[in-house]
Amino acid sequence: MGGIVSPGFRGRRGVEGGEVRLPPGQYLTEDFPVLTAGPTLRVPTDTWEFVIVTETGEKHRWDWQQLMALPSERPTVDLHCVTKWSKLHTSWQGVSLDVLLEGVDTAADYAMVHSYGGYTTNLPYEDLLHGQAWIAYKFDGEDLTPEHGGPARLLVPHLYLWKSAKWVRGITLTDEDTPGFWESAGYHDYGDPWREQRYQGD
Amino acid sequence: MELFSDDFTDGNALAGPLREIFAVDMTTATGRCAGCGDEGPVAGMKVYAHAPGLVARCPSCQQVLMRLVRGPSSAWLDLRGTMSLRIPMPAE
Amino acid sequence: MARAAVPGGLSPRLVWRAARLVEFRDETPSARTLVFDVPDWPGHLPGQHVDVRLTAEDGYSTERSYSIATPADGTRVALTVQLVQDGEVSPYLTQTLSVGDVIELRGPVGGWFVWRPADTAPVLLIGGGSGVVPLMAMIRARRAAGSKALFRLIYSARTPEDRYYADELRTRARDDFGLDVSYVYTRKTPEGWPLPPRRLGVADVNNGGWPPDFQPACFVCGPTGFVEAVADILIALGHDARRVKTERFGPSGT
């Protein structure tokens with residue numbers, strides 16, 4: 001778009017890349033910006049539930065206590081937001097999707113993630129497996145705040161952060177790929193930050 | 001489910017991004033929500049701008065009325081939550 | 001070359017224009033009015049805004065919207081920008097940008113939150129913090145156009161020092177016939193002020209505004225929480241929702 005350059009203007013960004021390796025077009029940030037497509041939700045844990053529905057309609061349901069009883073992991077991961085900020089070495093605690101999907105009988109190729117409030121995002125089923133995805137409920141050792149998607153959000157850090165749905169409530173497994181909230185409005189279907197898949201056609 | 005009350009702006013903020021696409025000002029247009037049927041000016045929609053795109057919601061029922069994403073060489077406008085838009089036209 | 005100016009009228013396509021800073025003045029310790037010269041500016045209506053775009057040397061760019069503070073005046077466009085601590089654009093605009101520097105802006109945009117000088121109905125303006133900026137454009141346009149529409153401004157500020165245009169509003173309240181100005185302070189009042197600091201309430205709108213029977217055109221601008229509260233008060237007092245126009249800046253302090 002080539003605008004007029006304002007000498008000395010950097011915005012709120014930190015250094016660009018520098019010593020660390022960042023995906024193309026990303027900038028480092030130290031704070032944790034809050035992005036949301038709607039009102040911040042407060043979902044009480046006593047009514048919270050997480051439901052996986054397979055392509056045959058079979059439902060697997062967890063309430064909060066059941067989720068807490070599952071073995072958890074503490075991944076440290078880098079976050080890349082499509083709005084161009086990256087935040088490195090973030091610490092989380094949550095349940096791996098490998099654990100949740102262990103007893104789920106499916107041959108689905110795709111997954112649609114649903115949130116409280118109506119947000120959706122789609123990704124290939126494979127991307128939920130092999131230690132790549134968690135239902136995260138703690139950030140930096142503290143309960144995940146509503147602003148960042150608490151009580152629990154999906155964490156799939158190898159894709160742009162819009163895929164890590166806040167206030168997650170379920171995943172529907174399907175044979176067909178259906179675009180989610182941002183994927184149907186111009187954003188890339190897959191969203192790999194290292195291939196800079198921001199928009200459709202990238 | 002409790003909602004915070006002030007983390008949004010309004011449809012006035014859509015004036016520039018929509019005027020880039022349309023030949024007339026769209027913030028004075030009257031939109032009808034496909035969810036609850038309420039009518040109101042685009043300027044009065046609740047707009048969430050701290051997001052990968054601009055999201056406009058119905059002030060009555062929170063339904064998503066409009067999504068606007070601006071890429072380097074395309075703009076995407078999703079209006080599936082809006083049943084209709086009545087757009088005032090300047091006199092010839 | 002220069003097209004005939006149509007205030008608020010439509011140019012074929014909304015384009016980014018080069019805007020050169022020609023002068024500035026500080027309104028408060030944290031707010032600065034920036035006066036730009038914008039060649040081929042098509043003119044604007046009071047209440048309209050512009051989008052400002054800043055681009056860094058590495059190509060990163062970002063945009064913000066600012067209300068225009070003055071009525072149409074040739075190629076001059078004045079914005080009053082509040083410094084937001086940790087902000088992305090306002091620190092550059094209020095602390096770095098110097099006279100002669102060029103930025104980009106596009107506009108005017110917005111046809112909703114607009115007062116037309118030909119409208120003779122009484123006007124009630126209610127501004128919170130920097131929300132007074134587009135209301136000031138209306139007050140200035142009223143005098144410039146010789147309008148006799150009756151105006152009342154209720155201005156909510158945190159402290160007396162946080163008021164924009166304090167001297168000008170004092171002068172205008174005295175000299176602009178048919179303009180009344182009242183203040184509400186939310187954190188600290190002036191010496192001898194009859195009331196403690198507090199949020200704007202029903203009594204302030206009752207005393208400083210117009211009765212609903214007058215069918216005033218109401219313009220409310222400020223942080224989202226402020227605008228929501230004031231709009232609720234106006235509706236509760238019996239004002240016609242269709243006569244209440246609002247512009248929200250988002251959460252206060254961001």
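**Reading domains, interfaces and backbone angles**

Guide: Let's start with chain C, whose domain assignment gives domain 1 (17-109) and domain 2 (123-248); such bounds come from an automatic or database domain assignment. This is a predicted model, where local features need pLDDT of at least 70, side-chain atom pairs count only at pLDDT 80 or more, and totals for chains, interfaces and linings use all residues. Residues are numbered from 1 along each chain as its sequence is written, while chains are lettered from A and ligands numbered from 1 in the order in which they are written.

Visitor: How many residues of domain 1 of chain C are in contact with domain 2 of chain C?

Guide: Two residues are in contact if their C-beta atoms, placed from the backbone, lie within 7 Å. On that basis, twelve residues of domain 1 of chain C touch 13 residues of domain 2 of chain C. Strand 1 (17-28) and strand 5 (76-82) of chain C are the elements that give two or more residues to the domain 1 side; strands (E, at least two residues) and helices (H or I, at least four) are DSSP runs, numbered from the N terminus. The centres of the two domains of chain C, taken over C-alpha atoms, are 24 Å apart.

Visitor: Which element gives the largest share of the side of chain B that touches chain C?

Guide: Here 20 residues of chain B are in contact with 22 residues of chain C. Helix 1 of chain B gives the largest share of the chain B side, three residues. By class, that side has seven nonpolar, seven polar and six charged residues. Ala, Val, Leu, Ile, Met, Phe, Trp, Tyr, Cys and Pro count as nonpolar, Asp, Glu, Lys and Arg as charged, and the others, Gly among them, as polar.

Visitor: Where is the peptide bond cis, and what is omega there?

Guide: Most residues other than glycine have a negative phi, and most peptide bonds are trans. The bond from Gly150(A) to Pro151(A) is cis, with omega near 15°, and Pro151(A) sits in the loop between strand 10 (142-143) and strand 11 (153-155) of chain A. The bond from Gly107(C) to Pro108(C) is also cis, with omega near 0°; Pro108(C) belongs to strand 6 (residues 102-109) of chain C.

Visitor: Is His130(A), with its positive phi, buried or exposed?

Guide: His130(A) has phi near 60° and lies in the loop between strand 8 (120-124) and strand 9 (134-139) of chain A. A residue is buried if 20 or more other C-beta atoms, placed from the backbone, lie within 10 Å of its own, exposed if 12 or fewer, and partly exposed in between. His130(A) has 10 C-beta neighbours inside 10 Å, so His130(A) counts as exposed.
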